[in-house]
There are 2 protein chains.
Amino acid sequence: MISVSEARNLISQNNTKRKFGELQLLDALSCSLAESVPSPIDSPPFNQSAVDGYAFSNFQCDLNKPLLVIGEVQAGNVSDVVLKPQQAIRIFTGAPLPESADTVVMQEKVLLDSSHITITDQNLKQGSNVRLKGSQIKSGQLAVDKLQLLNPAAISFLAGIGIHKVNVFLKPSVHIIVTGKELVSPENSISNGEIYESNSFGIRAGLNQLFINEVSVEMVDDNQDYIESCILKALNSDIVVLTGGVSVGDYDFVALALTNCGVKTIFHKVKQKPGKPFYFGKYQDTLFFGLPGNPASVMACFYEYVIPAIHEFMGKQTPKCNYLPLGEAIHKKAGLTHFLKGQTDLVTVKALAGQESYLMNSFAIANCLIELQEQKEVYNKGDLVKVRLLQ
Amino acid sequence: MISVSEARNLISQNNTKRKFGELQLLDALSCSLAESVPSPIDSPPFNQSAVDGYAFSNFQCDLNKPLLVIGEVQAGNVSDVVLKPQQAIRIFTGAPLPESADTVVMQEKVLLDSSHITITDQNLKQGSNVRLKGSQIKSGQLAVDKLQLLNPAAISFLAGIGIHKVNVFLKPSVHIIVTGKELVSPENSISNGEIYESNSFGIRAGLNQLFINEVSVEMVDDNQDYIESCILKALNSDIVVLTGGVSVGDYDFVALALTNCGVKTIFHKVKQKPGKPFYFGKYQDTLFFGLPGNPASVMACFYEYVIPAIHEFMGKQTPKCNYLPLGEAIHKKAGLTHFLKGQTDLVTVKALAGQESYLMNSFAIANCLIELQEQKEVYNKGDLVKVRLLQ
């Protein structure tokens, strides 16, 4: 049985496949760039007024005397006027400066007298209120680096320099195999001995939050042949998540079936609670996560291992965890890392009642997982603990 | 000009419409419940073994003597055996206990001798390793409360009690109106005086992250008649976001056009940087956000006002902000709340270079916005500041 950190390292070391391809800019949201993007243009593409005001040449003008306003340039237009000494042009935010202008005075800082302005801005300097051509980025300069996550602001930046397609690391395809003779879909009704199948719902919801849309689900009885045939069909997926049947009971066929199908066991069993029977294996580039079937074990392992692996598959960093002070003391036995359903206001954090692995009523109101270290037994109120926020 | 907190309050007070409807469980991800959900079943629906082991009646057995194993029950099956004194039944995790059994011993804690087991578990008590019927929730009890956010674990919990449809607050429809004569779509090429339109991309990406799919975009010249006709077409949307043209330049028609269309101005101008000309209005139940056109102003106002308003529309709490120590001192003038593009590792936070409202290269690598208070001028290294994490 290995530790949580060993399990994490082994998953990371075996998570070597990357898929990449060109996507339309908006479709690349939440992906990371597979190659760096140079700017195809100078941005701004011209000397641009930052305000509504008047543009003039600082060299040619005595600012203690009025300037004659000889025209106007609106954003989206171009003025080819050549300004002479003591001449200015009305200009608006975003409009290009005429070639002969180098400075803009804000409209609030002039006195306007029919066609003349007198400048009242004592702090005005050459270049004031002008965004120089290329001052954000020059053509050919690195705009966004390889591996950068494309969040909405990055998408906006790329659009603004004229990029409408990008090469990104693609999302994995995920196949879910839910094992369990006792499971019935929630659309149907249960007979004695049966329970509603919920794990595929929790996992699919989590995948939806990551915008993973290549997802398929198969439900299968606790029968080794059936499970093997499901696994064989899944070998071409990027990631396979199995739930249930991964322990060592007489009807726990998952690990054996995976081995029979040629999947190499990387590890089986982790010193953690919940989810001790957790299995991880690999067939060629396909990663196999065998999650113990109790629903809280499934969700904890999904958040702690599967989601980070998906992030890594996509060339992304897993969101960092918070370290927050406990609102109440917690005691545990040494020997296992604990993942507790918790609630936090980002100031303190507390563990919820109902930590057993079959209880989802507590998980439903949890907004974080609290990680308690394997060897530590006593956590006092105020001790900092690692907190993984859940969306 | 009002303060940021006054602006937030006014938006909240005017954000009164709620839409609700029944969705398939998975489609309700990230929505909040419009009504509380009682459990339709006892969960577990029967007394269930928590382990692989042997079930017996604690009353009927002398645990110092061997028990005869008279049968087996797998998860998904039912055993109707009636256990007699000193009899046990082989049982697996999740399987229903026979009516006559009340206790399960783990298979690791027995000595098995052909058909007899000897129990070696000194701590075994009546009820050990049994999940009692209804111990998670009883039929008719409140399962998930009204307004609870449906995260993946809540989805899993609801599926597990047989819920496959839920009544939730629905997402708003959003119409985006991008104004600006100078704007060209990034698929095309720009001529002198033109720039690429990026704001609709940033906003759409942000809406995609919230799973808002009823989104439409219209681009319009800086022409009051055109803008008014766009606004009139948008009056049936739940939320309308306009970018550009909201200041007081000669070509800033947005506020006037909104008034002409019957939209009531709730406020115009906020003591903040960026985004001082920010406008908010209302027509019947439709909310209008007029964002200044500089792309960093658009994204800052979108994150600080539009996203919280969407959360509130959907009956959700806006994700809480962190309070983190500054890694470097910051000085600012009093009078405006500042929203700075920042980077944080959740331990400290620092403001990025490039805070001007036209610069998106810095926003593209920001993972948070830092809020600096209106009246405060000096922030020292280590001072706690409000940090809004960006996805």
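Strands here are DSSP runs of E at least two residues long, helices are runs of H or I at least four residues long, and both are numbered from the N terminus.

## Model and confidence

This is a predicted model. Chain A has a mean pLDDT of 96. In that chain, 100% of the residues reach 70 or more. For the complex, the predictor gives an ipTM of 0.93 and a pTM of 0.93.

Chain A holds six helices and 28 strands. Its radius of gyration is 31 Å, whereas the globule rule gives 21 Å for 391 residues, so chain A is more spread out than a compact globule. Along the principal axes, the C-alpha atoms fill a box of roughly 95 × 50 × 40 Å.

Buried residues account for 53% of the 391 residues in chain A.

## Domains of chain A

The domain assignment divides chain A into four parts: domain 1 (4–19 + 171–313), domain 2 (25–42 + 137–169), domain 3 (48–131) and domain 4 (322–389). Domains 1 and 2 are each given as two segments. Domains 3 and 4 are each given as one. Between domain 2 and domain 4 of chain A, the C-alpha centres are 39 Å apart.

## Cis peptide bonds in chain A

One joins A:Ser43 and A:Pro44, with omega about -5 degrees. A:Pro44 sits in the loop between β2 (37–38) and β3 (48–49) of chain A.

The other runs from A:Lys273 to A:Pro274, with omega near 0 degrees. A:Pro274 lies in the loop that links β19 (272–273) to β20 (279–283) of chain A.

## Positive phi in chain B

B:Ser30 is not a glycine, yet its phi is positive, about 70 degrees. This serine belongs to the loop between β1 (20–24) and β2 (37–38) of chain B. B:Ser30 counts as buried because it has 22 C-beta neighbours inside 10 Å, and the cut-off for burial is 20 or more.

B:Leu147 also has a positive phi without being a glycine, here about 80 degrees. Its place is the loop between β11 (142–144) and α2 of chain B. Is B:Leu147 buried or partly exposed? With 14 other C-beta atoms within 10 Å, B:Leu147 is partly exposed.

## The A–B interface

At the interface, 74 residues of chain B are in contact with 74 residues of chain A. Several elements of chain B each supply at least two residues of the side that touches chain A: α2 (152–160), β15 (195–196), α3 (199–209), α6 (295–313) and α7 (361–365). That side of chain B comprises 38 nonpolar, 26 polar and 10 charged residues.

## Nonpolar core

The largest nonpolar core has 239 residues. Those with the most contacts inside this core are A:Tyr54, A:Leu158 and A:Val241, along with B:Tyr54, B:Leu158 and B:Val241.

What does B:Val241 touch, leaving aside its neighbours within four places in sequence? B:Val241 is in contact with B:Val174, B:Ile176, B:Ile203, B:Phe289, B:Leu291 and B:Val306.

Note on methods: Residues numbered from 1 in each chain as written. Chains lettered and ligands numbered in written order. Predicted model: local features only at pLDDT ≥ 70, side-chain atom pairs only at ≥ 80, totals over all residues. Domains from an automatic or database assignment. Contact = placed C-beta atoms within 7 Å. Nonpolar A, V, L, I, M, F, W, Y, C, P; charged D, E, K, R; others polar. pLDDT = per-residue confidence, 0-100. Buried ≥ 20, exposed ≤ 12 C-beta atoms within 10 Å, placed from the backbone. Rg over C-alpha atoms; globule rule 2.2 N^0.38 Å. Core = buried A, V, L, I, M, F, W, Y, C linked by C-beta atoms within 7 Å.
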